[in-house]
Amino acid sequence: MRTQIDFSPLYRSAVGFDRLVGLLDSAARYDTTPGWPPYNIERLSKRDDELGTLDSYRIELAVAGFRPDQLTLEVKDNVLTVSGKKDEDTTERTFLHRGLAERNFERRFQLADHVKVTEAELANGLLSVTLALEVPEAKKAKQIAIKTSANVTQVLEAAE
């Protein structure tokens, strides 16, 4: 059974979309354990340039049993990596039923350009990571004044 998708035909027929194809390829590669830990992705607000609000999101991961010092968040090359590493359990225990996973994990999220992690909080077994889209001033839309021939004529008359 084939588990990897070949995107090479897209590279041959689509010009300028190589970043998008790369994102799809990396998303397929990073999703190695799709069921653990369970998570939600929530949109908190939507961009509204008139009100000055930005897109913001929250990722919630169910990390019951992990302490803050056992969790790591790292952002590198637009990839948010959340990992948890449990301490070695040296006590001898006999389980009649073992339903809690208690295993190490690593979950990756591909972030769009200019998405920044603004906060991380652990409460009631949920790790909440808040993200915001922060578009730099150079990338924002700008109003351009339109000159007319009437403006040029008025300037010439004022100069005489």
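This briefing walks through the fold, the core, the aromatic pairs and a few individual residues of the chain above.

The model is a predicted one, in which local features need pLDDT of at least 70 and side-chain atom pairs count only at pLDDT 80 or more, while totals for chains, interfaces and linings use all residues. Residues are numbered from 1 along each chain as its sequence is written, and side-chain values use heavy atoms, with hydrogens and water left out. The protein chain has three helices and seven strands, where helices (H or I, at least four residues) and strands (E, at least two) are DSSP runs numbered from the N terminus.

**Fold and confidence**

- Along the sequence, the elements follow the pattern α-α-β-β-β-β-β-β-β-α.
- The average pLDDT (the predictor's confidence in each residue, from 0 to 100) is 81 for the protein chain, and 71% of the residues score at least 70.
- Of the 160 residues in the protein chain, 20% are buried; buried means under 20% relative accessible area, exposed means over 50%, and partly exposed is in between (1.4 Å probe, protein chains only).
- Contact means heavy atoms within 4.5 Å; among contacts between residues at least 6 apart in sequence, 51% join residues at least 24 apart.

**The largest nonpolar core**

- A nonpolar core is a set of buried Ala, Val, Leu, Ile, Met, Phe, Trp, Tyr and Cys residues joined through side-chain atoms within 4.5 Å.
- The largest one holds 16 residues, and those touching the most other members are Ile 59, Leu 61, Val 63, Leu 80, Val 82, Phe 105 and Leu 127.
- At least two residues of this core come from each of β2, β4 (79-84), β5 and β7 (126-133).
- Strand β7 gives the largest share of this core, with four residues.
- Leu 80, leaving aside neighbours within four places in sequence, is in contact with residues including Ile 59, Leu 73, Val 75, Phe 109, Val 117, Val 129 and Leu 131.

**Aromatic pairs**

- A pair of aromatic rings is described by the distance of the centres and the angle of the planes.
- Rings of Phe, Tyr and Trp (its six-membered ring) pair if their centres lie within 6.5 Å; planes under 30 degrees apart count as stacked, over 60 as edge-to-face and the rest as tilted.
- A search of the whole structure finds two aromatic pairs.
- One of them joins Tyr 39 and Phe 109 edge-to-face, at 5.2 Å centre to centre and with 85° between the planes.
- This pair links distant parts of the chain, with Tyr 39 in strand β1 (residues 39-45) and Phe 109 in strand β5 (residues 105-110), 70 residues apart.
- Tyr 39 is partly exposed at 35% relative accessible area, whereas Phe 109 is buried at 7%.
- Phe 66 and Phe 105 have ring centres 5.3 Å apart and planes at 85°, so this pair is edge-to-face.
- Because Phe 66 lies in the loop between β2 (56-62) and β3 (71-76) and Phe 105 in strand β5, the pair ties together parts that are 39 residues apart in sequence.
- Phe 66 is buried at 8% relative accessible area, and Phe 105 is buried at 7%.

**Around the loop between β2 and β3**

- Lys 86 lies over the face of Phe 66, at 4.9 Å from the ring centre; a charge sits over a ring if NZ of Lys or CZ of Arg is within 6 Å of the ring centre and within 35 degrees of the ring normal.
- Gln 70 is in the loop between β2 and β3 and is buried, with a relative accessible area of 6%.
- The side chains of Gln 70 and Asp 87 are joined by a polar contact of 3.2 Å.
- A polar contact is a pair of N or O atoms within 3.5 Å; within protein, one must be able to donate a hydrogen and the other to accept it, and residues adjacent in sequence count only if both atoms are side-chain atoms.
- Leaving aside neighbours within four places in sequence, Gln 70 is in contact with Gly 65, Ser 83, Gly 84, Lys 85, Lys 86 and Asp 87.

**Positive phi angles**

- Most residues other than glycine have a negative phi.
- Asn 78, in the loop between β3 and β4, has a positive phi of about 60°.
- His 114, in the loop between β5 and β6 (115-123), has a positive phi of about 75°.
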